[in-house]
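The sequence and model come next.

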Amino acid sequence: STTVPLISMPGITGSGGINASAEEVKALRWYCLEEAGMVFADNGGGHFNSSFRALMKRVVPELNWVDIANDDVIYQQPFLFPNGAPPLWHYSGNRAHGLKYNERWIAFYHQGDLKDAWKTGHSGVTEAQALQAYKLGVNVMNYAFNQYMTAHFGQ
């Protein structure tokens with residue numbers, strides 16, 4: 001029988017600074033580039049945008065942030081988002097950005113605050129907006145899982 005290793009997708013969120021040691025940066029780079037991992041981040045305001053972008057510049061200095069096009073596969077399955085990521089709050093912009101390595105997203109960055117929409121009470125967004133936020137999270141996790149499985153098991 002084949003044992004599928006336990007995989008996780010680091011989520012980074014907040015409104016403050018991010019401190020990472022050189023060893024942690026090296027581990028995150030290995031996870032993203034060698035293990036076919038993906039970072040899922042969302043901006044909770046404050047200094048998060050500049051801190052997160054600076055962290056990822058340390059992790060993958062050779063890559064640049066790009067807008068994730070509305071027709072990208074990440075918005076196609078299992079739920080369809082014909083206009084890209086739902087906007088929610090606009091702390092640092094209203095479009096999701098990503099980092100791509102060898103034609104695979106290694107970072108998905110929502111510039112609103114998905115985690116607030118996921119909270120009990122949804123932090124003031126409507127039930128419909130919260131449902132869209134949940135569905136987007138499912139899409140990102142689905143994408144990350146499928147990319148991991150393809151890289152490790154050819155599936």
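Strands E4 and E5 run antiparallel and are joined by 5 bridges; two strands are taken as paired if DSSP finds at least two bridges between them. The model is predicted, so local features need pLDDT of at least 70 and side-chain atom pairs count only at pLDDT 80 or more, while totals for chains, interfaces and linings use all residues. Residues are numbered from 1 along each chain as its sequence is written, and side-chain values use heavy atoms, with hydrogens and water left out.

E5 also pairs with E2, here in parallel, through 4 bridges. Phe108 of E5 stands opposite Gly98 and opposite Phe40. The hairpin of E4 and E5 has 2 residues between the strands, and in it Asn102 takes a positive phi near 50°.

| Strand pair | Direction | Bridges |
|---|---|---|
| E4 and E5 | antiparallel | 5 bridges |
| E2 and E5 | parallel | 4 bridges |

E5 is largely enclosed by the rest of the structure, because 7 of its 7 residues are buried. Buried means under 20% relative accessible area, exposed over 50%, and partly exposed in between, with a 1.4 Å probe and protein chains only.

Helix H1 covers residues 22-34, and its 13 residues reach 17 Å from first C-alpha to last, close to the 18 Å expected at 1.5 Å a residue. That expected span is 1.5 Å times one less than the number of residues. Val25, Leu28, Tyr31, Cys32 and Leu33 are the buried residues of H1. Their cover includes strands E2 (39-43), E4 and E5 (104-110), together with helix H2 (48-59). Just after H1, Ala36 takes a positive phi of about 60°.

Gln77 lies in the loop between strand E3 (66-67) and strand E4 (97-101). Gln77 counts as partly exposed because its relative accessibility is 41%. Beyond its neighbours within four places in sequence, Gln77 is in contact with Asn139 and Asn142, contact meaning heavy atoms within 4.5 Å. Gln77 and Asn142 are 65 residues apart in sequence, yet their C-alpha atoms are 7.8 Å apart.

Over the chain, there are 4 helices and 5 strands, in the order β-α-β-α-β-β-β-α-α. Helices (H or I, at least four residues) and strands (E, at least two) are DSSP runs, numbered from the N terminus. Of the 155 residues, 41% are buried. Among contacts between residues at least 6 apart in sequence, 73% join residues at least 24 apart.
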